[in-house]
Structure formats: structure tokens, C-alpha cells
Amino acid sequence: MTLRPRLAVLAPLALCLGAVVATLAQCSNEPAAAATTQEPRAAATPPADRIRLLISGAMLGRLEPCGCASGQLGGLARRMQHVGEQTGYDLLLEGGDLVDGDSALDALKLLTAAQALPAMQRRYDALGVGSRDLRLPAADYRAFLAGAPVVASDLVTDATDWPAQPFVAKSVRGVDVRVASLLLDRRESAGAGVTHLPPAEGWRRALDGATPATRRILMAHGDDAAIRQLIPQLDPPPDLVIGIDSAYAEPTAAPSRVGDVPLLFTGSRGRVLLDCWLHRGPAGGQVACELVPLPASRTVPGGGGDPQVKDLILAHRHDVQSQGLLAQLAERRPTASGASYVGTSTCAACHPTAMADWEKSKHAHAWQTLVDAEKDPKRYGWPVTAYPDCVGCHVVGYGERSGFRSAADTPHLTDVGCERCHGPGSEHVAAGGQKPLGLLGGVQGSQLCTQCHDYEQSPTFVYGDKWAAIRHGREAHQQPKK
């Protein structure tokens, strides 16, 4: 058999394939040839007036994540490390609500935040005033923030020690910018001699002397609905409104618009920041944002972060211990039911089955986890057993009368015992068990668990899975009669 017959058959096929290839090549070349006749398209030019902002708010006293779980976000040390590495920001804005309460611990937290945000090498340009900030004793608030760029456009006083000013002004590459702050929640007082102006009047006060070309940024403290209702009342309109509403756990990645005004909401606890570009277009302010999560380093013991800020926070923690705040903040309020705590061991006599199940759970060793972590420099290495925020989730009844005071004074209330979920048991015991306890506060089980196992402290917590680890049944004498 020779190849000649095969070639005779294949030759026509080869001719057909050649024609197809030539046609395809001609088609593919046409756009390329046409492109060579067009002018090259110019790259989009960024607006000349755009400014770059780093925005946060509602820190709520979270100087650092608690450290209960890996993968937690936030903390002043990580934030200031980010600021040092990303040097292109034109304005650093912290909305306010730096703290969450009115205790001596909150005052020390404010002092630490004031040493970090407005006093570091790269300083914040504006700190708003939130309603929670005003819960602190006025003397502490005024003293700790003296000299800081605090903004409260609607709070007026003749007092010389009031730290806030009506606005912050800054020129960014020839663009004048004003930052104002309005407090819509009037339940808190700024102290004697301070007048709370209507929001629109405070806005006009913040823009006194500004030109129409001035970029206008407003930090508004209140709930979502109140802020949206306010915006149409402001004249001239802001170029950007930053809402500080602690109901937002995470920031809004993209602005919504109220008329021509863009509106963003910060998250809370300083976990995720907003990196935004702002410029003014024909239809008002134009904003483009990216989220900036602040995760722990997986390679650096302690999670990384600015070393100077870490030293400030470590000093704060030792101050909390040296000032004895754990004892000071114990037993501040009555229990909700008026009953007293009796301790987990008291429950064992009548509830042996539940006690056996509890002893197998991690709750039975909750206090020891703090003790061990305190001794381990790779985890804590600081007096965590003296820090109220941490202790509260590892004991029974801290902060309530008859509740945990210290491991030495109230050893029967260490660990997460029965009364952490069922409430103080003195009346239940006195009634021989005839007065039922139920769940503390009458809430759902999942709601009770997330008081400690929230999205930050237990980011992978799933109630349906975890309940199996602590589930316990009723004793025989508690079963319904048939």
C-alpha cells in the first residue's frame, strides 16, 4: 500500500482548511487594523480636588481585642500601625463614643485613647463627641482631652476648660475642608454651663466664615433614621455625612445617598476602618470607599501593631490592676431579681445530673483559662485576672451585689456556673426548689450565650453546635408528673 491514494483524498481537505484559516485570520486582523487608525484613549484623570480620608467611630472602649479567640479584628495598636504604613491619608477622623460607660475603667480607657489618637507622630485630625463620651465625669472628660482636636459643633459654653471646638479646618492641596460634629442624642449632659444647640444651628456655627468652595464633612451621632431625617435640613448641604450609630457592627462599604448627600456609617469597636476618597461633583459629594479590616498578625507574637501604642495599652492594664478597679467595680448594682448568688456547689445537692454535665464542660474551667493565659507571655502576659472586662465572662455575677469580687474573696463564684445562666439562686434554695429559675432575664438561650460569645470574642460560635456541649436534662424529681 502506498501513500499516493491517501494524499489524493487529503488534498481537497487541505485546501478547504487553508481557506477557513485564511478567512479567520482576516477576521481577526480587522479589529486590530481598525484600532491602529484610532487615537489612543487617555487614562482617566483623578479629580484634582479629591481628598483621602481614614474614618472610624464608636470604639466603645475596645482598646484591643480581648484575645479570647484567634482571628479577632481591631485594636488601637494595629490601627496606628496601619496609619504609619499608609502615609497617603489627608484626614484621620474618629467619630466619637470612644468609651461605653461611666466607670473609672472607662475614664482610664479614655485617657489611653487620648494618648494614642491625637498625640502620636501621625495624629488624628478630628475627634467627635458621642453621647457615651458625655456619660463620663465632666472633669475627667475635659482634662483627658485637653488640647486634642475635639469637635462638637452644637455644644456651646463659656468654660475655658471645655475641650471641643465648633469645627476643624484644614487645607489639602489648596482645597479647604471643614469637619463638623453634631450630637442628635440629647439624653446625656455635657456638664453644667454647656448649651446644646439645635442641629441646624450647630451646622451653621460650624460653617461660619467658610466659602462655598469649602468641602463640608459632618460627623453625625444618632441612629440611622434620625441622621437621614436631619440631612435635608442642613443648608448648605454637606459633601459627606459620617453616621456614628453603634448598631452598625461593620461599616457600610458603599455610601447611600440622601438627596445629593452621600452617607456612610462607621462600624463599632474599631474593628474595620473606612478608607475613602472624596471629591465634589456636579451632583454634590462623590465618595469611593474600601474597607480596612485590622487583623492580627499570624507571625508576630501579640498580633503585631505599633510598639508605642502597645506599651500604652500595657501600662493601662497595669494601672487598672494597681488602682484596684476589679474590686471597685464589683457589686455596683443590685441583681435583677433581688436574690443573692449562692455558688455552683450549692446546686449540686439537688441537681447531681446537671452538675456532672457541667463539670465536663469548658465552663467549669473558665476562670483557670484566665489564670493560665496570664502566666503565658505568648497569650497575655499581663494581669488579665484583674481586668474587669475579661473577668466578667469567666465568673458568676461580677458587677452585681453578692456576685464575684475576687478569686480570694468569692472562690465559690469563679467559673461560668449555674447562676450565670439561671440567675441568683438564694430564693430558689430557700423555697426548696419550688420557685423556678428559668433563664436569666427570660431571654432565649442563644441570646444569653452571645452576651459573652459575641461576634468578636467567639467569631465561629454557632449556638446549635455549642449547646450540645453544655446541654443537661432535668433531675428525676423535676420531671412532670404523668
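Reply: Contact here means heavy atoms within 4.5 Å. The model under discussion is a predicted one.

Me: With which residues is S268 in contact, leaving aside its neighbours within four places in sequence?

Reply: S268 has its place in the loop between β13 and β14. Its relative accessible area is 4%, and buried means under 20%, so S268 is buried. Once neighbours within four places in sequence are set aside, the residues in contact with S268 are G57, A58, L60, S246, Y248, A249 and Y455.

Me: Which residue forms a salt bridge with R269?

Reply: R269 belongs to the loop between β13 (261-265) and β14 (272-281). At 13% relative accessibility, R269 counts as buried. The closest N and O atoms of the salt bridge are 3.0 Å apart, and the partner of R269 is D454.

Me: How many residues apart are D454 and R269?

Reply: D454 lies in the loop between α15 (445-449) and α16 (463-470). With a relative accessible area of 11%, D454 is buried. The pair links distant parts of the chain, and the separation of D454 and R269 is 185 residues.

Me: How many salt bridges does a search of the whole structure find?

Reply: Side chains of opposite charge can pair when their charged atoms come close. A search of the whole structure for such salt bridges gives a total of 18.

Me: Is D90 buried or exposed, and which is R173?

Reply: The side chains of D90 and R173 meet in a salt bridge, at 2.9 Å from N to O. This pair links distant parts of the chain, 83 residues apart: D90 is in the loop between α2 and β2 (91-94), and R173 is in the loop between β7 (168-172) and β8 (175-183). The relative accessible area of D90 is 11%, whereas that of R173 is 55%. D90 is therefore buried, and R173 is exposed.

Me: What is the N to O distance in the salt bridge of D100 and R132?

Reply: At 36% relative accessibility, D100 counts as partly exposed. R132, at 19%, counts as buried. The side chains of D100 and R132 meet in a salt bridge, with an N to O distance of 2.6 Å.

Me: How far apart in sequence are the parts that D100 and R132 tie together?

Reply: D100 lies in the loop between β2 and α3, and R132 lies in the loop between β3 (126-128) and α4 (138-144). The pair therefore ties together parts whose separation in sequence is 32 residues.

Me: Are α2 and α7 roughly parallel or roughly antiparallel?

Reply: Two packed helices are described by the angle between their axes and the distance between the axes. Helix α2 (residues 76-85) packs against helix α7 (residues 307-322) at an angle of about 160 degrees, and their axes are 8 Å apart. Because angles over 145 degrees count as such, α2 and α7 are roughly antiparallel.

Me: How many charged residues are there in the contact of α2 with α7?

Reply: In this contact, L76, A77 and M80 in α2 meet V309, K310 and I313 in α7. These residues divide into 5 nonpolar and no polar, and the number of charged residues is 1.

Me: What is the handedness of the crossing of α3 and α7?

Reply: The axes of helix α3 (residues 104-116) and α7 come within 10 Å and cross at roughly 160 degrees. The two helices are therefore roughly antiparallel to each other. Their crossing is right-handed.

Me: How many nonpolar residues are there in the contact of α3 with α7?

Reply: L105, L108, K109, T112, Q115 and A116 in α3 meet V309, L312, I313, H316, D319 and V320 in α7. Among the residues of this contact, 3 are polar and 2 are charged, while the nonpolar residues number 7.

Conventions:
Residues numbered from 1 in each chain as written. Predicted model: local features only at pLDDT ≥ 70, side-chain atom pairs only at ≥ 80, totals over all residues. Heavy atoms only, no water. Axes fitted to C-alpha atoms, helices over the stretch in contact; angles between N-to-C directions. Helix = DSSP H or I, 4+ residues; strand = E, 2+ residues; numbered from the N terminus. Parallel < 35°, antiparallel > 145°, perpendicular 65-115°, else oblique. Nonpolar A, V, L, I, M, F, W, Y, C, P; charged D, E, K, R; others polar. Left-handed = near helix turned anticlockwise from the far one by under 90°. Salt bridge = Lys/Arg side-chain N within 4 Å of Asp/Glu carboxyl O. Buried < 20%, exposed > 50% of the residue type's maximum accessible area, 1.4 Å probe, protein only.
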